[in-house]
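Subject: Structure for you to look at

Hello,

I am passing on the structure we spoke of. Please open it first; my notes follow below.

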Amino acid sequence: MASLVVSLIDGYHDLMDNKGDPRVKDWLLMSSPFPTLFICLTYVYCVKSLGPRLMANRKPFDLRNVLIAYNAFQVAFSAWLFYEACAGGWLAGYSLRCEPVDYSTTPKAMRVTAGCWWYYISKFTEFFDTIFFVLRKKDKHISKLHVIHHGIMPMSVWFGVKFFAGGHGTFFGLLNTFVHIVMYSYYLLAALGPQVQKYLWWKRYITVLQMVQFVLVMIHSFQLLFIECDYPKAFCGWIGMHAVMFYFLFSDYYKQEYLKKEARRKAVNDKKAEDEALKAAAEAQLSDGATGNGLYQDPGKLMQASYVDPNAPDNALRQRAFVTSR
């Protein structure tokens, strides 16, 4: 048992020290996965347990100006990352079919490597999305999808930067930063207040855009399982499976948030319309002098009798309105 533990420890150190990208070895948080794992677990604990408990007996914070500044920063940060992905790789000779990692220290290769690291850092800044929900007591927005998405991404991106900073796998970051430009622009406009919010009818299409992103990542990643390319197939499978998982999570969110809510709203509106129609018909009958059961109740007339019809099913009671003037 002891030898197995020693073997595992030696294998871990060999993986971290000798198999990782030497260019990022001494960069912040890159020497070991454990600091990133600790930060992710702390995030989940704080937003799902500690934060809501601390806010339970407090009033929600008014963070309007903070949200405007934060979302403006995220738009700018995402736009810069998208530009770096384009200028450093995807509009500078990268192939959509197969793109190996350039492990050299040329300016172009180092630019892509730095862009990958900054993309990794951006996954931590996105934690504030959830932290602000907690401080504003918007606990219903802290969904399973939200926490899983933000809690997993830093750890996943860490492995990409540590071992494969550049090349084929950066396609995910290219699409993701573009989606975030659109998404944080929406949140920025929403934070400006009701005078702008009434024009924001396109929120649901951000989720659609995210799902399209994951489909494209699946296709782009899984193609390497069927062609020869000097890029690790295992890591492409890892990226592709992340895209599959997030696609189904976002798809479920879309169904719950939009399709099912719309169906419920339609059912309520249909029931309301039906009730109003019945009410209008009843009022029309009453306005003609009829009671709710269709019998006339004219003060100048008397109803004489009712009888049981022997030919009706179950001898149903029928009322015959014999009327005479008083």
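What share of the residues in the chain is buried? Of the 326 residues, 39% are buried. Please keep in mind that this is a predicted model.

Overall fold. The chain has 10 helices and 2 strands. Along the sequence the order is α-α-α-α-α-α-α-α-α-α-β-β. Among contacts in the chain with a separation of 6 or more, 75% join residues 24 or more positions apart. The chain exposes about 19400 Å², with carbon and sulfur atoms supplying 64% of that area.

The largest pocket. The space in the largest pocket comes to about 1300 Å³. It is lined by 44 residues, and those closest to its centre are Phe133, His141, Tyr187, Lys203 and Tyr253. Two or more lining residues come from each of helix 3 (64–90), helix 5 (127–135), helix 6 (144–163), helix 7 (170–191), helix 9 and helix 10 (233–287). By type, the lining of the largest pocket has 19 nonpolar, 13 polar and 12 charged residues.

Serine 221. This residue sits in helix 9, which covers residues 203–222. Is serine 221 buried or exposed? Its relative accessibility is 4%, so serine 221 counts as buried, the cut-off being under 20%. Apart from neighbours within four places in sequence, serine 221 is in contact with Cys236, Ile239 and Gly240.

Regards

How values were computed
Residues are numbered from 1 along each chain as its sequence is written. This is a predicted model: local features need pLDDT of at least 70, side-chain atom pairs count only at pLDDT 80 or more; totals for chains, interfaces and linings use all residues. Side-chain values use heavy atoms; hydrogens and water are left out. Helices (H or I, at least four residues) and strands (E, at least two) are DSSP runs, numbered from the N terminus. Buried means under 20% relative accessible area, exposed over 50%, partly exposed in between (1.4 Å probe, protein chains only). Contact means heavy atoms within 4.5 Å. Accessible areas come from the Shrake-Rupley method with a 1.4 Å probe; for residues, only the protein chains shown count as cover. On a 1 Å grid over the protein atoms alone, a cavity is a set of points where a 1.4 Å probe fits but cannot get out, and a pocket is an open set with protein on both sides within 12 Å along at least five of seven lines; lining residues have an atom within 4 Å of a point. Grid points are joined across faces, edges and corners, and a volume is the space filled by probe spheres set on the points. Ala, Val, Leu, Ile, Met, Phe, Trp, Tyr, Cys and Pro count as nonpolar, Asp, Glu, Lys and Arg as charged, and the others, Gly among them, as polar.
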